[in-house]
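Subject: Structure handover

Hi,

Here is the structure I promised to pass on.

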Amino acid sequence: MTSPAIERLVGHLGKLPGLGPRSARRAALHLLERRESHLEPLLVALRTAAESVRACSVCGNLDAQDPCAICADPERDRAAICVVEQVADLWALERTLMFRGRYHVLGGLLSALDGIGPEDLAIAALVARAGAPEVSEIILATSATVDGQTTAHYVADRLAESDVAISRLAHGLPVGGELDYLDDGTLGTALKARQRLL
Ligand SMILES: [Zn+2]
């Protein structure tokens, strides 16, 4: 028998990706037994992140500043925008150090099965950004899954009227591979060898 307070903690930890019920229990115990060195600093970090980190109003990246550090960086190339499904993909591309433009986070992929339509994603905001005179290339970096490809084609269609080149990450990406799981070299190569769509 464990107390409801501990069960609640285990329940919340168990909702985190990669943590099943067993590891959630182990993590809870680990924290409770190391109150000063682990539990208290985690509380502070969670509170600080919850209060300060927001989605960037330009690209959707997560940061404690808005616009985010990437959007606000004058050294970044303003001509290219790389379109990704989620923030994890943006971070994966940043790790490759090969892209010096800016990003646009869609917030998901089109999915008939899950009932996710264009209005659920940040597509209208992307079309608006693509209309800015300094933007000349949109790179579609959605995953090679069916939904990823459907979304890329839909977005390309929506951008057809814009005066921008549209490219797609090179094939050779594992089918069904999500960007975050690729090693940096593979992802960097796919970016470098991107193919022109429109
Ligand atoms: Zn941003």
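Predicted model: local features only at pLDDT ≥ 70, side-chain atom pairs only at ≥ 80, totals over all residues.

Numbering runs from 1 along each chain as its sequence is written, and side-chain values use heavy atoms, with hydrogens and water left out.

The zinc ion has Cys56, Cys59, Cys68 and Cys71 as its protein donors, each through SG and lying 2.3 Å from it (donors are N, O and S atoms within 2.8 Å of the metal, or 3.2 Å for Na, K and Ca). Along the chain these donors follow the spacing C-x2-C-x8-C-x2-C. The arrangement is tetrahedral because the angles between the four donor atoms are 104 to 115° (all angles must lie between 85 and 135 degrees). Cys56 is buried at 6% relative accessibility, and Cys59 is buried at 2% (buried means under 20% relative accessible area, with a 1.4 Å probe and protein chains only).

The largest pocket has a volume of about 230 Å³ (a pocket is an open set of points on a 1 Å grid where a 1.4 Å probe fits, with protein on both sides within 12 Å along at least five of seven lines; lining residues have an atom within 4 Å of a point). Its lining includes Arg8, His12 and Leu39, and divides into nine nonpolar residues, one polar and one charged. Helix 1 (4-13) and helix 3 (35-52) each supply at least two lining residues.

Best wishes

Technical notes:
Tetrahedral: all angles 85-135°; square planar, octahedral: opposite > 155°, others 65-115°. Buried < 20%, exposed > 50% of the residue type's maximum accessible area, 1.4 Å probe, protein only. Points joined across faces, edges and corners; volume = space filled by probe spheres on them. Helix = DSSP H or I, 4+ residues; strand = E, 2+ residues; numbered from the N terminus. Nonpolar A, V, L, I, M, F, W, Y, C, P; charged D, E, K, R; others polar.
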